[in-house]
Amino acid sequence: AKGCSDMNNAALRRPHFRNPPIFEQVISFAFDRIDDFEAVDFGQFYEQIKEEFPVSTMVERHNVTSEIFEGQDVRMSMELTPNISLPRVLFKRADGGETIQLQDDFFAFNWVKTPEGGVYPRFEMTSNRLWHLFAEFRQFVFSRHGIEIAPVQTEITNVNIIPVEDFGGDWKDIADVFVVDPFNWEVPGLIAETYVRQRMHRIVDTFGIPLGRLHSYISPVVGPTGERAFKFELTARSMRSAYSDAQLTEFLETGHNMINGAFMASIQPKMKTLWEAFDG
């Protein structure tokens, strides 16, 4: 993983809010498909974790996306044809606040805000939780199949939900919460209504060598009872390569820093007061 040793040279950007808008954080590892993985493996792994994650659901497979850059060995970015007969399985905590996502080439941990206990535990705790649960899965696969899983890609996603009523009256008031291009073009006959923004940035080391990408999306959403909000989703995804556990940890820390930096650069100063910013 070229350039990984310089990942942590990026400036640390850590917003601290007593009432942050984060609704969900997902941290995941992708790895080469386990050829002998079968449907029964889901059940046997469930037996190990069911006390913590008693709810299981089968869903559509997750399509692992790869970041490709010029000069990269394309073979490292090619994905093996998945066993499409195998689904992805979600193992959820009873209160819905944590979820494990599992398939034969993918493992993820989700923290989700819940009405009962929705305090964001911060990245240090969620990433430690991921490593702990992934270690259990690694040991399970080694015991059952004699295979040591070596992730070839990692990513972290923060999903923020910002209700319109917190900053304005409608989606057209987006400039009150986000730093955006002019929304209303002041063209007769056109009235600003909704706004969607998508951006991609390279994550690079101190030599400018790409390590991955940061994807950010701002989009209007409607809640279950009709309430309007903006969803602000940021994903830091590594390039596909060979990684040690230490390098995976480094990228996740750097990716988290980049997400924080992009978040702070995208919001208006008054939102920091709304979310009760403090020096942590």
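This is a predicted model: local features need pLDDT of at least 70, side-chain atom pairs count only at pLDDT 80 or more; totals for chains, interfaces and linings use all residues.
In the protein chain, residues 24 or more positions apart account for 71% of the contacts that have a separation of 6 or more.

**The chain as a whole**

The protein chain contains five helices and nine strands. Read from the N terminus on, its elements follow the order β-α-β-α-β-β-β-α-β-β-β-β-α-α. Of the 280 residues in the protein chain, 48% are buried.

Helix 3, which covers residues 123-145, packs against helix 4, which covers residues 245-266, and their axes lie 12 Å apart at an angle of about 150°. Because angles over 145 degrees count as roughly antiparallel, helix 3 is described as roughly antiparallel to helix 4. The crossing in which helix 3 passes helix 4 is right-handed. On the side of helix 3, the residues that take part are Phe123, Leu130, Trp131 and Arg138, and they meet Asp245, Leu248, Thr249, Leu252, Glu253 and His256 in helix 4.

From helix 1, the residues Val40, Asp41, Gln44, Phe45, Gln48 and Ile49 meet Glu136, Phe137, Phe140, Arg144 and His145 of helix 3. The residues in the contact of helix 1 with helix 3 divide into five nonpolar, three polar and three charged.

**Charged residues and their polar contacts**

Arg237 belongs to strand 9, which runs over residues 228-238. Is Arg237 buried or exposed? With a relative accessibility of 12%, Arg237 counts as buried, because the word buried is used for values under 20%. Leaving aside residues up to four places away in sequence, Arg237 touches Thr65, Glu67, Gln153, Thr154, Glu155, Gly212, Arg213, His215 and Phe251. With one of these, Glu67, there is a polar contact between side chains, at 2.5 Å.

Asp104 is placed in the loop between strand 4 and strand 5, the latter covering residues 106-112. The relative accessible area of Asp104 is 1%, and Asp104 is therefore buried. Its side chain is joined to the side chain of Arg61 by a polar contact of 3.0 Å.

Asp95 sits in the loop between strand 3 (88-92) and strand 4 (98-103). Asp95 is partly exposed, with a relative accessible area of 40%. Which atom of Gly97 does the side chain of Asp95 reach? The side chain of Asp95 reaches the backbone nitrogen of Gly97, at 2.9 Å, and the side chain of Asp95 also makes a polar contact with the side chain of Arg93, at 2.7 Å. Asp95 and Thr114 are 19 residues apart along the chain, and their C-alpha atoms are separated by 7.6 Å.

| Residue | Partner | Distance |
|---|---|---|
| Arg237 side chain | Glu67 side chain | 2.5 Å |
| Asp104 side chain | Arg61 side chain | 3.0 Å |
| Asp95 side chain | Arg93 side chain | 2.7 Å |

**Positive phi values**

Glu186 has a phi near 55°, which is a positive value in a residue other than glycine. Where does Glu186 lie? Glu186 is found in the loop between strand 6 (153-163) and strand 7 (197-204). The relative accessible area of Glu186 is 69%, and Glu186 is exposed, because exposed is the word for values over 50%.

Glu276, which is not a glycine either, has a positive phi of about 60°. Glu276 is located in the segment after helix 5 (269-274). With a relative accessible area of 41%, Glu276 is partly exposed.

Methods:
Residues are numbered from 1 along each chain as its sequence is written. Side-chain values use heavy atoms; hydrogens and water are left out. Helices (H or I, at least four residues) and strands (E, at least two) are DSSP runs, numbered from the N terminus. Buried means under 20% relative accessible area, exposed over 50%, partly exposed in between (1.4 Å probe, protein chains only). A polar contact is a pair of N or O atoms within 3.5 Å; within protein, one must be able to donate a hydrogen and the other to accept it, and residues adjacent in sequence count only if both atoms are side-chain atoms. Contact means heavy atoms within 4.5 Å. Axes are lines fitted to C-alpha atoms, for helices over the stretch in contact, and angles run from 0 to 180 degrees between N-to-C directions. Angles under 35 degrees count as roughly parallel, over 145 as roughly antiparallel, 65 to 115 as roughly perpendicular and the rest as oblique. A crossing is left-handed if the near helix is turned anticlockwise from the far one by less than a right angle, and right-handed if clockwise. Ala, Val, Leu, Ile, Met, Phe, Trp, Tyr, Cys and Pro count as nonpolar, Asp, Glu, Lys and Arg as charged, and the others, Gly among them, as polar.
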